[in-house]
Amino acid sequence: MNTFMAMPLKRNQTPFWIGAVVLVLAVPGLLGGSDYLIQIATMMALYVVLASSLNLIIGFTGMYSLGHGAFYGIGAYTSAILAINLDWTFWVTMPIAGILTALVGAFLGLATLRLRQTFLVFGTLAFGEIVRILIMNWPSLTRGPMGIPGIPPPSILGFELVSSTQYYYLILVFAILMVFLIFRLYHSRVGRAWVAIREDEIAASSMGISVFGYKVLAFTIACLIAGLAGAFYAHFITFISADQFGMNESFLILTMVALGGTGSIIGPIIGALILIIIPEAFRFLAEYRMVLYGALLILVIVVKPEGLAGVKGLFAPASGARRFSFLRSGFSAECEKVEGAK
Amino acid sequence: MILEITKLEKKFGGLTAVNAVDLSVKEETIHAVIGPNGAGKTTFFNNITSIIPADSGRIIWKGERIERLSPQAISAKGIARTFQNIRLFAYMSVLDNVITGTHNHYKSFVWGAISRNARYRREEKESRELAMELIEKVGLADKRHEYARNLPYGEQRKLEIARALASKPKLLLLDEPAAGMNNAETEELDQFIRALREDGLTVLIIEHDVRLIMSIADRITVLDYGVKIAEGNAVEVQNDDRVIEAYLGKRRA
């Protein structure tokens, strides 16, 4: 079965898959479908970006982040506030949103990435909640629980993008660009350093890789991309509020990566597509579709722990002996302590 | 002397794993560190590569103190190592494992990776060629696209050596390279390590395979309970009373 999935780095396949996904994304636009379908397609493209960026942290570098929704939110709020209060154009506020989010991400990374895995999970989870609570309780800047309505749409050469089809293509281009960027990073010296860290931090450091530096780098780039996605989202949906970027959002993105596959380019894309389609396709089941959603997730985790098209699962052992590494004691734990203290 | 270690000491709680060990390694020699299980050999290696820094003592590499440097800085100085409990990048191809070993020699970063500029392309080509050369040298060329985790044990050890060599080290630290190898493979390893010395590399090796050690080592240091109990060439060490005692127990009078 699926021998090609198990082969590492078959370069000729990934562009093919990306092409196929592009085609799928382009279908609603080509068919001139209903606004409803096009909106769903737009959300798919956005979530492809979000899941792919989280995959940089989780799938490539082997760290955890349960606060990705918060970075998405920081990007969205930054761009919205600048656009409304200062009347700046989207093409200025969007990059600023990305850069600010990256700075926040780098700061959080510098503070938390020396933590061992379990503590990093809690650190990022707490950070996500802090951001949400901050947005709720800073009305002079964020309008608190009322949210920010009336975010202006972007314009290209004085021509405002108002129809959903136009917006769909804008976000599609953005998504392709971001996936391409991640693809190139992955297949490079930087990507190899990330994967090396995921596989074995001690071996990576004795190969001359600055473990902490590359971790912060992965975290920062992932946050930059999430922040950009947030800006695109805010100007697309025109109304944002704190509850859109809470814990649920972080978990949704995480689930997309886990379901689609960690550590590959195509995995998070598949995950994002499936998890946007399912709630829409099974609307007739009302709340029961969440049961379906849960059952699917459990099935995948049991049958294919690395996700549908992933390289290595979240809890996969590096080699037979290293299963349940958190229970390790003695010498190697000592090594990691020392490593962590550096 | 390319590497000079004086009074190196490392304690884990009440246990002194490395106790005031002095060691001098001459350039372009094969220097072995042997000793019974738990003698502190691996800790000694971890001290040299700073994976577990020593508590006290000096490590002088080409006249420069390195005991306070980070593992990546030590790697950049030209010291590479393998691990007793193999530490390959399991979910990475054989080729990428070795290419990762070249990390130190190149500078391409985020912008190079995205733009694929001339420098990036040159560096990728160079590192790929060097990696392929080393993979062929250890006989894994036809397995270069396999995940490292799918290789049999002996080949994983070879791959680890190839990865260490990819950083073009001056000093190679081998931690039990023959463990899990059969006789033919050990014989091959023997030739391989000799060839490395001919190429101008200095090798510091921990090994339990006595025949291999006696065959290749120019100089042997024996540790027991963290203390250096003997040093010399193969014949001298074999006839040393303290060494015999450490391995077999006291001779009855």
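This note goes through some sheets, salt bridges and a surface patch in a predicted model.

1. A sheet in chain B. Chain B contains an open sheet of 4 strands, ordered β2-β1-β4-β5 and paired in the antiparallel sense. Its edges are formed by β2 (15–25) and β5 (64–65) of chain B, each of which pairs on one side only. Between strand β1 (residues 3–12) of chain B and β2(B) there are 7 bridges, with antiparallel pairing, and across this pair B:Leu8 has B:Val21 in β2(B) as its bridge partner. Helix α1 (residues 41–48) of chain B packs on the sheet, where the helix touches β1, β2 and β4 (56–61) of chain B, and its direction makes about 115 degrees with that of β1(B).

2. B:Lys10 and B:Asp55 form a salt bridge in which the closest N and O atoms are 3.2 Å apart. The pair links distant parts of the chain, since B:Lys10 belongs to strand β1 of chain B while B:Asp55 sits in the loop between α1 and β4 of chain B, 45 residues apart. With a relative accessibility of 9%, B:Lys10 counts as buried, whereas B:Asp55, at 38%, counts as partly exposed.

3. Strand β8 of chain B. How many of the residues of strand β8 (residues 202–206) of chain B are buried? The count is 5 of the 5, so the strand is largely enclosed by the rest of the structure. B:Thr202, B:Leu204 and B:Ile206 point one way from β8(B), B:Val203 and B:Ile205 point the other way, and all are buried.

4. The neighbours of β8 of chain B. Strands of a sheet can pair in a parallel or an antiparallel manner, through backbone hydrogen bonds. Strand β3 (residues 30–34) of chain B runs parallel to β8(B) and is joined to it by 4 bridges, while strand β7 (residues 171–175) of chain B, also parallel to β8(B), is joined to it by 5 bridges. B:Ile206 in β8(B) is the bridge partner of B:Val33, and B:Asp175 stands opposite B:Ile206 as well.

5. A salt bridge between helices of chain A. The search of the whole structure finds 23 salt bridges over all chains, one of which joins the side chains of A:Glu201 and A:Lys215 at 2.9 Å, N to O. Because A:Glu201 lies in helix α10 (residues 201–206) of chain A and A:Lys215 in helix α11 (residues 211–237) of chain A, this pair ties together parts that are 14 residues apart in sequence. A:Glu201 is partly exposed, with a relative accessible area of 28%, but A:Lys215 counts as buried at 10% relative accessibility.

6. In chain B, B:Glu123 and B:Arg119 form a salt bridge whose closest N and O atoms are 3.8 Å apart. Both residues are in helix α5 (residues 118–137) of chain B and, because they are 4 residues apart there, about one helical turn separates them. B:Glu123 counts as buried at 6% relative accessibility, whereas B:Arg119 is partly exposed, with a relative accessible area of 39%. Elsewhere, B:Arg197, B:Glu198 and B:Asp218 are joined into one network by salt bridges that share partners.

7. A nonpolar patch on chain A. On the surface, A:Leu86, A:Trp88, A:Val92 and A:Ile96 form a nonpolar patch, and together they have about 320 Å² of accessible area. A:Leu86 is found in the loop between α4 (68–85) and α5 (90–112) of chain A, and this residue is partly exposed, with a relative accessible area of 44%.

Definitions and conventions: Residues are numbered from 1 along each chain as its sequence is written. Chains are lettered from A and ligands numbered from 1 in the order in which they are written. This is a predicted model: local features need pLDDT of at least 70, side-chain atom pairs count only at pLDDT 80 or more; totals for chains, interfaces and linings use all residues. Side-chain values use heavy atoms; hydrogens and water are left out. Two strands pair if DSSP finds at least two bridges between them. Helices (H or I, at least four residues) and strands (E, at least two) are DSSP runs, numbered from the N terminus. Contact means heavy atoms within 4.5 Å. Axes are lines fitted to C-alpha atoms, for helices over the stretch in contact, and angles run from 0 to 180 degrees between N-to-C directions. A salt bridge is a side-chain nitrogen of Lys or Arg within 4 Å of a carboxyl oxygen of Asp or Glu. Buried means under 20% relative accessible area, exposed over 50%, partly exposed in between (1.4 Å probe, protein chains only). Patches are made of residues with over 30% relative accessible area and no salt bridge: like charges are joined within 9 Å, nonpolar side chains (Val, Leu, Ile, Met, Phe, Trp, Tyr) within 5 Å. Accessible areas come from the Shrake-Rupley method with a 1.4 Å probe; for residues, only the protein chains shown count as cover.
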